[in-house]
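The text then moves from the ligand to the protein around it.

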Amino acid sequence: MPFISSAGSGIENPILEQGRLARELERKGSKLIKINIGDPAMYFRLPKNIVWAYKKALEEGHTAYLEEQGLRELREAVSDRYLDRYGISFAGENVVITQGVSEALSFMNQGMIDGGDSAVIFRPFFTEYLTYLKLSGGVPILPALDESNNWDINISELERLLKNNKGRKPKYMLMTNPNNPTGTTLSGKAIREAIEIAKDNDIFIVSDEVYDELLYNGAEFTSVGKFAKGIPHMLLNGASKNYMATGLRVGFAIFPEEDPKSQALKKVFIGMAGARLSANTPSQYAILEGMRNKEKHNEFMHEKLLQIADRSRLAARLINETGFFTAVPPNSAFYLFARIHLNKLSIKDDKEFVELLLKEQQIQLTRGSGFGMEGFIRIVTLPSEAVLTEAVERIRKFCEGHKK
Ligand SMILES: Cc1ncc(COP(=O)(O)O)c(C=O)c1O
């Protein structure tokens with residue numbers, strides 16, 4: 001009998017998989033350009049009022065476990081935010097604070113998936129979706145988003161895969177809007193159609209909206225909650241990206257509907273939250289300050305978003321100009337997902353591409369196959385324009401050196 005479970009032995013994170021080699025190169029003196037991790041806190045400092053609120057929480061002795069569901073005032077701030085931004089109304093009672101969206105993904109799969117259950121995850125997807133589904137013994141149904149239509153949902157592909165899944169009703173359908181790794185938003189039309197399909201097939205809807213303030217280039221965005229009124233669903237959001245507070249580990253699981261499924265899942269979330277006792281206490285006070293002080297927040301985000309938009313536009317233009325890639329121009333988040341013209345190169349796939357690129361040009365980025373889409377690379381567009389320019393120049397040189 002193997003010591004490690006089959007689920008445990010299958011865990012991998014393609015975003016970090018080159019870490020060992022990268023560290024080795026750094027030890028030998030290489031100056032790496034790391035564009036593999038989408039962590040805004042590596043590039044932008046937290047606003048002072050959030051830092052101050054964190055310190056104040058410590059000084060005032062807010063260091064004990066909090067109510068397992070999370071700080072009531074923070075849950076109410078989440079409810080206010082969705083009402084303000086989208087006109088979606090739900091009580092703070094219908095929010096569970098988690099240690100990042102990651103923990104909500106873990107709760108969600110543990111709470112809904114028994115071995116052999118299936119779930120719809122659109123690809124390319126955020127890597128953790130598959131990790132947590134598989135840990136629960138779930139089987140993914142993976143409709144491809146439509147690259148030729150700004151990575152929107154391909155409704156006929158969704159219908160086709162659901163039909164092929166005969167006899168096995170998926171437990172949930174998970175949409176990511178805006179998307180990581182594509183840096184694009186879904187159209188309202190596609191969301192509405194996908195929701196109709198989920199409703200007809202009695203599939204629970206989940207929407208991960210963790211990047212919903214990071215919009216530019218005239219991006220169209222609306223919360224799924226706006227379209228799913230009256231239909232069982234859960235919204236995921238948090239402080240990691242919109243508040244650039246990844247290390248504070250604050251996520252929101254929102255259950256806007258009162259139907260039995262939504263409420264049963266909320267109950268499971270509260271149970272799971274109780275099983276780990278409490279989310280980080282001072283972090284919740286800090287993010288509460290960030291959410292309450294809207295003026296400061298908007299000012300901060302406005303400034304950062306201008307920089308992110310410029311960086312993303314620049315990276316997209318430069319990578320397309322190399323002639324070795326095609327990338328849909330992003331309009332949200334901070335990623336660029338570029339198709340490699342492998343037919344022009346003597347490289348067999350995206351895995352080999354990223355491995356050789358790290359060794360030869362000291363650039364660490366993530367292979368598309370790690371997100372469920374082979375033949376692509378994902379570039380994080382958070383570094384300065386100078387660093388991104390240098391990175392694309394090295395990538396171009398690398399491709400020239402491997403031309404067929
Ligand atoms: C789409 C998406 N969802 C969730 C997460 C995880 O966020 P958190 O830091 O809140 O766990 C990420 C992180 O990159 C993400 O891209």
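The paragraphs below cover the ligand site, an aromatic pair and some backbone details.

This is a predicted model, in which local features need pLDDT of at least 70 and side-chain atom pairs count only at pLDDT 80 or more, while totals for chains, interfaces and linings use all residues. Residues are numbered from 1 along each chain as its sequence is written, and side-chain values use heavy atoms, with hydrogens and water left out.

Start with the ligand. It has 13 residues around it, and those that come nearest are V101, S102, D208, Y211 and S240; a residue is near a molecule if one of its heavy atoms lies within 4 Å of it. By class, this shell has 5 nonpolar, 5 polar and 3 charged residues. Here Ala, Val, Leu, Ile, Met, Phe, Trp, Tyr, Cys and Pro count as nonpolar, Asp, Glu, Lys and Arg as charged, and the others, Gly among them, as polar. Helix α5, residues 100–112, gives the most to the shell, with 3 residues. Helices (H or I, at least four residues) and strands (E, at least two) are DSSP runs, numbered from the N terminus.

For D208, the distance to a nitrogen atom of the ligand is 2.6 Å. For Y211, the distance to an oxygen atom of the ligand is 2.6 Å, and for K241 an oxygen atom of the ligand lies 2.8 Å away. Taken alone, the ligand exposes 400 Å², and the protein buries 93% of that; these accessible areas come from the Shrake-Rupley method with a 1.4 Å probe.

The structure holds 15 aromatic pairs, meaning rings of Phe, Tyr and Trp (its six-membered ring) with centres within 6.5 Å; planes under 30 degrees apart count as stacked, over 60 as edge-to-face and the rest as tilted. Y211 and F334 form an edge-to-face pair, 5.5 Å centre to centre with 80° between the planes. The two residues are 123 apart in the chain: Y211 is in the loop between β6 (204–208) and α9 (224–227), and F334 in the loop between β9 (325–327) and β10 (335–340).

Now the backbone. Most residues other than glycine have a negative phi, and most peptide bonds are trans. The bond from R123 to P124 is cis, with omega near 5°, and P124 lies in the loop between β3 (118–121) and α6 (127–135). N217, in the loop between β6 and α9, has a positive phi near 55°.

How values were computed:
A polar contact is a pair of N or O atoms within 3.5 Å; within protein, one must be able to donate a hydrogen and the other to accept it, and residues adjacent in sequence count only if both atoms are side-chain atoms.
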